[in-house]
Amino acid sequence: TGYKGKPLVQQDEVAVNSFGELAMMGAAHRHSMTVRAQTFCFTIEVARETFIAGIEEFPGERAYFENYAIRAIEKGGTEVSLVDWPFLRNRAPPRLLHLLDLHAGRQTYKAGDLTLKEEPARSAAILVISGEADIVNADDEIVDELPSGWCFNEHQLLGVKCPDDGRFVLPRTTCEVQVLTIEVWKKVMADFPKEQDWIRKSIMRSTAERAARDLGMELNTPQILRMSQLFRTVSSEFLQAITKYMDPAVIMPNSELVTAGKFGDFCFFFLSGHAVVEDGTPDPLELRAGSVYGEASVIGLNSNYQHTVTTKTLCAVQQIRKRHVLEVLNRFEEDKNRWAPILREAKTQGGQPIQAKLRRISSFARSDLDFLEMLCVKAQDMFYGPGATIINIGEACFYGQTPFLVLLAGKVVIENELGVMQNLLGPGELIGEGGALGLTANRTSGVRVFDARCAHCVMITGKSLEAALNVYAEERDSFEELMDARNQKNQEFVERREAWMSETAVPALSKVALFPKMTLEFLHVLAAPLVENTYKAGELVSLLGDEAEAMLVVLEGEVEGESRHGEKMGKLFPGACLGESTSLGICSWRMATVRAVTDTRVLAIPPSALDRACKQMDEATDSSNGKVFARLREVRQEQVATGMPMTALNINVSKDCKCVQAIALQASRCLLKPGSMMSPLPSTDPSGCHYLILAKGRAVLETQRFEDSSSNADGDSSWLQVMPIFAGFLLLEALASEYNIRVRAVTACEAYRVRKFDFDACVDAIPSAQEWLARWEMIEGEARETLAFRAESALGVVESVEAHHHDRDIHLWRMRKDMAVTRASDKAASTWRPDAPHLSVTSCGWPKTSSSASSLLKQPLSMRFAVSVMSSTPARGGRGAADDGDRPACSSYIPGLTRHRSSPDLRRKDG
């Protein structure tokens with residue numbers, strides 16, 4: 001107002017407008033429009049710093065401007081844009097965000113600007129609003145990146161005084177950042193007492209998220225749980241279900257995370273920071289990012305913490321409680337069964353200190369309590385999942401450094417360098433005590449968890465053992481006695497193993513079709529790492545579609561194939577094998593479901609064992625076993641590519657049919673040279689019935705003429721041709737074997753042998769077989785009928801010429817008859833008279849006799865015998881009687897032969 005009340009400036013004369021007041025108050029950070037002068041203009045610019053200084057000098061005006069800014073924020077609009085810190089996102093009130101913008105402001109830094117390396121930015125929380133930056137350590141090395149929307153050093157807002165680690169933010173591009181000091185933060189948060197609790201938790205979570213990202217993980221994920229040996233043993237479903245119960249926490253430096261002797265049921269997963277386990281020694285156990293503490297408490301093995309854990313720096317952790325773990329575990333029966341040994345230990349010995357548990361073990365039953373106390377100074381609970389390795393063969397051992405373990409729950413096996421089990425250990429056994437005592441320079445055996453359940457061990461450090469034995473030297477005797485007993489057991493095992501290989505494994509391998517021409521030395525090397533598995537009657541030996549790790553050879557008992565619907569598909573007996581292609585390394589799944597019919601022993605042959613045997617024998621004997629099996633792999637792969645042998649049959653199948661390829665994978669190729677023989681396998685073969693498919697060449701089926709072993713069995717004269725066969729012929733080997741038929745190659749032949757068991761399994765498992773199965777059944781029936789008909793015909797020929805079981809008697813009778821005829825003829829000739837009447841015997845079928853004696857003597861003996869019989873017999877007491885006594889003229893006597901008056905029975909025994 002001007003002089004005497006007159007306005008200094010009339011409203012209608014000069015229009016006074018303002019713009020940018022929201023930016024001045026911190027409610028906006030970018031102008032939403034461009035203002036251009038149309039005439040010569042005067043403006044007054046109020047800087048943000050000046051405005052904030054005025055508010056601080058006149059605090060009564062602060063409420064007005066805050067309300068004005070909040071109303072503008074609530075209206076929205078493109079000009080309003082508040083900075084959003086990650087830990088305040090989606091929950092902080094707008095007024096809080098406005099005040100942070102108002103007091104913290106924004107700054108723009110060019111790439112490479114080192115301003116943020118200096119105070120106060122170095123000890124403040126920094127948010128990258130736009131652009132990209134890097135986090136650099138004291139050695140000017142980039143340790144992490146800081147993209148737009150991420151913050152750094154937010155834990156400073158918790159009021160934590162952390163040691164300066166030298167890290168700072170370095171802009172990679174032109175960046176707009178907000179630097180929030182602890183003074184500004186406290187000043188703003190003083191107006192929001194109700195929000196302080198959740199904001200503090202949110203900052204902790206943001207700090208933990210940052211630490212998890214540094215480890216390549218995310219909060220509340222199974223990745224963090226798998227940092228623990230205990231939680232690595234359970235399923236992913238269990239871990240996923242338990243993640244919602246995990247809480248992040250930030251522990252201040254020089255604070256007690258847990259206190260010895262106090263009740264504890266938390267398990268802590270360290271994401272960042274440094275803590276120590278106070279065990280009273282100069283070099284306590286350290287816990288850093290990736291460490292886990294409290295596993296034994298969360299499973300119920302310990303009711304109180306054994307040691308105090310103190311943080312040395314700010315530590316970001318995630319924690320989970322015992323009751324949540326057990327609550328989720330009850331919903332997963334398989335995981336509960338996997339933890340069963342540990343849960344059983346928790347139920348029977350839960351809450352007891354490690355010293356008390358060791359005292360219950362026979363090896364330490366008479367040990368001094370102080371000795372056990374010294375042993376357990378740095379003892380740690382170790383958890384191992386099914387099949388997990390506890391000790392590796394060849395590890396170097398040093399007295400005072402190498403630890404040993406005490407098994408408290410579960411079972412473990414000791415294995416030699418070939419992976420063969422030497423011994424089975426249960427709870428209460430010591431593991432690796434020889435290396436810890438320095439009795440061996442290297443681990444001579446490996447140790448792993450035995451079955452599908454977990455194991456719990458207590459690890460005794462080498463330093464603790466050395467310190468305890470220095471004070472209690474007499475305790476060393478018990479360790480050495482245990483070591484001697486172990487060595488004796490190992491020696492007994494070696495002897496048993498050698499006997500098993502010679503008497504069981506090698507004979508079984510020699511019968512496997514995959515190793516027909518392998519030497520006994522090769523089979524012995526192959527058998528060295530092999531182990532046998534035992535299955536009770538009714539147990540599954542293999543399941544269709546499961547992962548296959550080895551070929552299986554039946555050593556004892558019977559197994560039976562099952563279809564998808566539970567139907568029986570045939571039996572396999574000792575000597576049969578399953579999964580030849582698995583041993584060759586070209587198939588990694590089971591192609592049939594097989595169940596034990598009786599208690600069964602099965603030998604497993606993994607591909608690694610075959611490769612090892614080939615490599616070792618090739619190096620030692622300069623042989624080419626490796627090339628032989630490599631070629632066999634190529635042949636099987638060629639069979640799969642061409643669909644052999646099914647495509648050789650006239651059933652119109654495609655080589656791309658999965659069932660045809662599965663059959664080809666298991667078919668054995670047989671190459672025959674001209675003139676070579678092949679004997680069909682009988683139905684009593686351990687693998688059952690077989691099909692033989694002639695793919696190329698020409699051959700004949702033959703059956704043996706004679707059963708006499710003295711005859712030339714391989715000569716053509718002893719074999720009768722049954723029928724010729726050509727490419728595409730299907731031979732049922734069991735039927736051919738019943739008729740004693742063999743295959744003789746006329747030209748070079750290529751044939752394939754397929755087990756009926758494998759054929760039925762493939763047809764049942766793969767639906768594409770239904771497209772050609774009817775045609776297969778038709779040609780199988782025709783092959784059966786044709787072979788049976790031709791074989792029966794050949795059998796009739798064979799039976800007609802084969803020896804009779806009374807042949808010897810017949811020949812003896814013939815010999816006696818001929819002798820009698822000769823004697824009778826001689827007698828008739830000696831008693832002949834010229835005036836004797838001439839006789840005609842044409843009625844008997846012989847030609848008429850001549851009237852002269854010389855003509856009669858020229859006739860055959862049988863003729864002369866007939867003539868003499870039909871002529872008159874000389875009187876008793878004559879010349880003939882005087883020569884032969886009372887014997888009839890037709891009888892014969894051969895010195896050395898039993899007299900036999902009756903004729904032999906010429907009837908066949910079989911009618």
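The model is predicted, so to speak of local features a pLDDT of at least 70 is needed, side-chain atom pairs count only at pLDDT 80 or more, and totals for chains, interfaces and linings use all residues. Residues are numbered from 1 along each chain as its sequence is written, and side-chain values use heavy atoms, with hydrogens and water left out.

**The whole chain**

Welcome to a chain with 29 helices and 39 strands (DSSP runs numbered from the N terminus: H or I of at least four residues for helices, E of at least two for strands). Of its 911 residues, 45% are buried (under 20% relative accessible area with a 1.4 Å probe, protein chains only).

**Two helix pairs**

Two packed helices are described by the angle between their axes and the distance between the axes. Axes are lines fitted to C-alpha atoms over the stretch in contact, and angles run from 0 to 180 degrees between N-to-C directions.

| Helix pair | Angle | Axis distance |
|---|---|---|
| α2 (residues 48-57) and α4 (residues 94-104) | about 110° | 10 Å |
| α17 (residues 476-510) and α18 (residues 520-527) | about 115° | 9 Å |

Helices α2 and α4 are therefore roughly perpendicular to each other (65 to 115 degrees). Arg48, Phe51 and Ile52 of α2 touch Asp101, Leu102 and His103 of α4, where contact means heavy atoms within 4.5 Å.

On the α17 side, residues including Trp500, Met501 and Leu509 meet α18 residues, among them Leu520, Leu523 and His524.

Note on methods:
Angles under 35 degrees count as roughly parallel, over 145 as roughly antiparallel, 65 to 115 as roughly perpendicular and the rest as oblique. Buried means under 20% relative accessible area, exposed over 50%, partly exposed in between (1.4 Å probe, protein chains only).
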